[in-house]
Amino acid sequence: MSARRLDTTALIYLALAGIVALGGVAVAVRGGNLFSTANLVDMLTRTSLTGFLAIGMTLVILCRSLDLSVGYTAALSSLVAATTMDGDPDRIVLGAAAALLIAGLIGAANGAIVAFLGVNPFIATLGVGLIIKGYLDTEYQGPAGLVPTAFQQFGYTRIAFVPVSTIVMLVLAAAGIWFLRSTRTGHHMYAVGGDSDIARMSGVRTERVLMCAHILCGVLAGVAGLLLAARFGTGSAESYTNLYELDAIAAVVLGGTLLLGGRGGVAGTVAGVAILAVLDTVFNVMQVNPFAKDVLRGAIIIAAVAVYARRQLSRTARRPRFADAGTAAETGRS
Amino acid sequence: MSRLRTAASALSGGTGPVIALLALVFAAIAVANPGFFEGPSLMAFLKQAAPLVILAAGQYFVIVSGNFDLSVGALVGAQVVIAARLIDGEESRTLPVLGVMLLFGLAVGLANGLITTALKVQSFITTLGMMLVLYGAIRLWTGGAPTGGLSEAFRGPGRRGIDGLPLIGQLPWALLAMIGLGAAAVWLMRTRFGRILVATGDNDLAAERSGARIDTVRTAAFVLSGLSATIAGVLIGGYAGVSAQVGEGMEFTVITAVVLGGVVLGGGRGSVVAAMAGALAIEALFALFNQLALPSTLRPSVQGLIIIAAVAYAAKRSARRPVPAIATTTTDPS
């Protein structure tokens, strides 16, 4: 089981290496250098924001849930952080804590609606996202609050060519990998995503697992909000218009986590985030029209999932639970 | 007799709550502004609501067969921009361009359907990718901002109607289109195709074993959704004119509408009439907001609250069913 999962992850890192190599060649042909410090910094900077959101998204998707509210949660927590700090360096901790608390509460609300009210996660988190959007649109017409320069360092400082925010993201990713591989709740997440009914009958408290995943996802969206606040120097409601949640979902799916839950992991997600970041940087360096980027990105996401679906088909056929479905699909195609 | 029973079950089943909600919102509007229900203003409301109702019918086909179509908003926007660019103010080009738009809608639906069924990519990802592709491609083609202009003949269906009628003044073409397409959708759901569509959404394995071509009906559902987005695009373009924002976020509004109508995400349950009533209820709610002079920025919040409440209510109802665990035993909608 773990060997097979490693297979998928290895494949994704191979794809990442391939894309880096191809991108490097493409840029070199145009007389540029993809691996110059500026480009590396650009690439790594792009990974951090989507990375935070995608790590949390991995957890909920593994549980066969979804979180469409993370973009709004991030925008809200950036505002909470910036208005609480209000330019006072002494209130950095307070502001960050408040932002993370609010984000965690939103995650808890998502989890409760999904787990206890039995609402489809797509609808539940879309609804919560819309509620936050309404609040943001009504309360904040423009940027609000002020982030002290000390905290802005979180957005700009880097060690050699690695931004601090990327390091934080990687540390959190490592924590996520450890959490999923070595803790009981982590294992339960795979069980709940694989089949919630069977997990419940096996004694897993599925509601608690779902709540846990959603709360962690919310808190990670809060971290993303802190990064937004640090980068802009102020809280910004407008940032939800960037549809970060769709980027995060795309990264998770690119990373080989099944949208139907139960399979995947944070390691793949990090590769997915990196693939998107490398593509963005390559497009930027080669001055590809920004709208062409959207087209390519959409096509790549679909193509990647189609490739995974092919691999998945042959593999699920081996599992007794899906033996019937596998053969039926094959006879249907022939 | 069986007719009667169908009608009764339609009211007591999923359709009841949304009709009640619709009545409630209309009652609230009547209290806020009794003049709303006079002929002309009611017709104006229906004219404005028609595109969403038509989109809801299209989305219903996709959702009831167990999929999503997130690309409709981008498709509506794309169609309007295509019309403006190709017609460029020339009356004589109206009809050929309408033909091109129909083909384009058909092609997008077909692509969504084939990628989802033949390549086994989840519809969420397929249509999300399609949304990115359409969004980028249209802006790439027009260089960022919509160019050209619509002809008078093109704008007719969206803004004009049969004039000089007693009592109501003008009978909008949009309303006629809505009624005609609504009737066609109801008829379609009563045909073999409609039955197979619902059966596929309820349990695709069982449907396939019974000899249903599940991939074909699912693809057809996407094509219908693409066509409904085309018609909605014609109506919206006619009514509101061309802008880069046309259709933005509409996919979520229309899914909200369909789900509000008691249609279950994941497929197999709900009626097309209820889906269209859900769309009407959402539009009525927005009209109520206008009547009460509430800030329009609060709209998303109320939309979010209502959608969560509606689905939580439906989930509670279905949990009380005697045999909830096995979906195949609850095919009877009553």
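Select helix H4 (residues 72-87) of chain B together with helix H12 (250-260) of chain B in this predicted model, where helices are DSSP runs of H or I with at least four residues, numbered from the N terminus. H4(B) and H12(B) are oblique to each other, because their axes cross at roughly 125 degrees, and the axes come within 6 Å. The axes are lines fitted to C-alpha atoms, for helices over the stretch in contact, and angles run from 0 to 180 degrees between N-to-C directions. Angles under 35 degrees count as roughly parallel, over 145 as roughly antiparallel, 65 to 115 as roughly perpendicular and the rest as oblique.

Now show the side chains where these helices meet. H4(B) brings Val72(B), Gly73(B) and Val76(B) to the contact, while H12(B) brings Met250(B), Glu251(B) and Val254(B); two residues are in contact if their C-beta atoms, placed from the backbone, lie within 7 Å. By class, this contact has four nonpolar, one polar and one charged residues, where Ala, Val, Leu, Ile, Met, Phe, Trp, Tyr, Cys and Pro count as nonpolar, Asp, Glu, Lys and Arg as charged, and the others, Gly among them, as polar.

Residues are numbered from 1 along each chain as its sequence is written, and chains are lettered from A and ligands numbered from 1 in the order in which they are written. In this predicted model, local features need pLDDT of at least 70 and side-chain atom pairs count only at pLDDT 80 or more, whereas totals for chains, interfaces and linings use all residues.

Next, colour the two chains separately and look at the place where they touch. Here 39 residues of chain B are in contact with 40 residues of chain A. Which helix gives the largest share of the side of chain B that touches chain A? That helix is H6(B), with 13 residues, and the helices that each supply at least two residues also include H10 (204-209) and H14 (299-319) of chain B. This side of chain B has 27 nonpolar, eight polar and four charged residues.

From H6(B), step back to Lys120(B), which is found in the loop between helix H5 (94-117) and H6 of chain B. Most residues other than glycine have a negative phi. With 18 C-beta neighbours inside 10 Å, Lys120(B) counts as partly exposed; a residue is buried if 20 or more other C-beta atoms, placed from the backbone, lie within 10 Å of its own, exposed if 12 or fewer, and partly exposed in between.

Move to chain A and select Arg64(A), in the loop between helix H2 (37-62) and H3 of chain A. Phi of Arg64(A) is near 65 degrees, again a positive value, and Arg64(A) is buried, with 21 other C-beta atoms within 10 Å.

Then select helix H6 (residues 149-156) of chain A, whose buried residues are Phe151(A), Phe154(A) and Gly155(A). Seen down the axis of H6(A), these fall within an arc of 95 degrees, so they line one face of the helix; the arc is that of the directions from the helix axis to the C-beta atoms. The face turned away from the buried side carries the exposed residues Thr149(A) and Ala150(A).

Finally, colour chain A by its domain assignment, automatic or from a database, with domain 1 (2-288) and domain 2 (291-334). Seven residues of domain 1 are in contact with seven residues of domain 2.
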